[in-house]
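Let's take a walk through this structure together, one stop at a time. Have the sequence and the 3D view ready.

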Amino acid sequence: MTVVIAVPGTEKHARDLATRLGATVVTPEIRQFPDGEVYVRIDADLANHEVVLVGSMHGGDKFLLIAFLAGTARDLGARRVGLVAPYLAYLRQDTRFKAGEGVTATYFARLMSSTVDWLVTVDPHLHRLDSLDHVYSIPTAIARAATSIATYITSEIEHPILVGPDAESVQWVAAVAAVCKAPYQILEKTRRGDRDVSISAPSGPWNGHTPVLIDDIVSTGKTMIEATRQLRAAGSAPPVCIAIHAVFADAVNDELVSAGAKGIVTCDTIPHVTNKICVADSIADAVRARLG
Ligand code: R5P
């Protein structure tokens, strides 16, 4: 039997997954001691069960909580403990750009690999690493958002042309374009700092196409904002922006609309008001394959 345990903040994902798997959802008791340390209790029979922890890793470090829940589940006799992280953090620092920097993608993967037995995530930010296997030593599987995004574009946007704002976005843009049979182009991004990017000019003519900017993450929004400026300067219609992971480190919408975008929609890997694209089916398929 499979038991799904919701890490706080990811209750909807846990319910969506449990419904699709025909599993039970357990909400753990979690609170802080007065000194800030974390108390964890799972009031359920987990003996010999497959346990699936569900927790997106945005907005701070959820690792300790996941480690405590995994440890508790094992102590209660779980057969295996897997993690569904709809958004998987710590993948962008996958190399040392300056002397002395920590390669946190590697350290985080090592910690996680010694904590859970398997991992499922949605479209992780693989850039210089072409597979999670380079850093994770446990079995991993990737659920793809491409079909859900393509379904959204087909039903909401007439005559789309897909645009990726930087070289690594080709993996997401090409996958969506293949499903919705739309043309696409990929721009070039130069990053000078966390909030300082420049993006190359796109090429028209637009022939009545609506540009759809697609990226995996929107964080400060500077990538989407600068790409929008370039599209509008090149004479395009207002682009629709689509991101898989709604990280939103900054409030983005006003600046994006002032830059000339129609608006932004996101997949529901991280709960946010812009979530319009559900990826629960894809996650459930990946978990089913993992559970066997
Ligand atoms: C990195 O290159 C990613 O694919 C995104 O383009 C990036 O994380 C977006 O960050 P921001 O919203 O801060 O420009």
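**A first stop in a loop**

Start with Tyr90, which sits in the loop between strand S6 (80-85) and helix H3 (104-113). Helices here are DSSP runs of H or I with at least four residues, strands are runs of E with at least two, and both are numbered from the N terminus. Tyr90 has a phi near 55°, a positive value in a residue other than glycine.

A quick word on the ground rules. This is a predicted model, in which local features need pLDDT of at least 70 and side-chain atom pairs count only at pLDDT 80 or more, while totals for chains, interfaces and linings use all residues. Residues are numbered from 1 along each chain as its sequence is written, and side-chain values use heavy atoms, with hydrogens and water left out.

Now look for the ligand. The space it takes is the largest pocket. A pocket, on a 1 Å grid over the protein atoms alone, is an open set of points where a 1.4 Å probe fits, with protein on both sides within 12 Å along at least five of seven lines. A molecule counts as sitting there if more than half of its atoms lie within 2 Å of the pocket's grid points.

Who surrounds the ligand? There are 15 residues, and the closest are Glu168, Asp215, Asp216, Thr220 and Thr223; to be near, a residue needs a heavy atom within 4 Å. By class, this shell has eight charged, five polar and two nonpolar residues. Charged means Asp, Glu, Lys and Arg; nonpolar means Ala, Val, Leu, Ile, Met, Phe, Trp, Tyr, Cys and Pro; the others, Gly among them, are polar. Strand S11 (189-193), strand S13 (210-218) and helix H6 (222-233) each give the shell at least two residues, and S13 has the largest share, with four.

Zoom in on the ligand's oxygen atoms. A polar side-chain atom of Thr220 lies 2.6 Å from one oxygen atom, and a side-chain N or O atom of Thr223 is also 2.6 Å from an oxygen atom of the ligand. Ser219 uses a backbone N or O atom instead, 2.8 Å from a ligand oxygen. Taken alone, the ligand exposes 370 Å², and the protein buries 95% of that, going by the Shrake-Rupley method with a 1.4 Å probe.

From the shell, follow S11 onward. A hairpin of two residues leads from S11 to S12, and four bridges join these antiparallel strands, S12 being residues 196-199. Strands pair if DSSP finds at least two bridges between them. Gly193 has Asp196 as its bridge partner in S12.

Notes. Polar contact = N/O pair within 3.5 Å; in protein donor to acceptor, adjacent residues only side chain to side chain. 1 Å grid on protein atoms, 1.4 Å probe; cavity = no way out; pocket = protein on both sides within 12 Å on 5 of 7 lines; lining within 4 Å.
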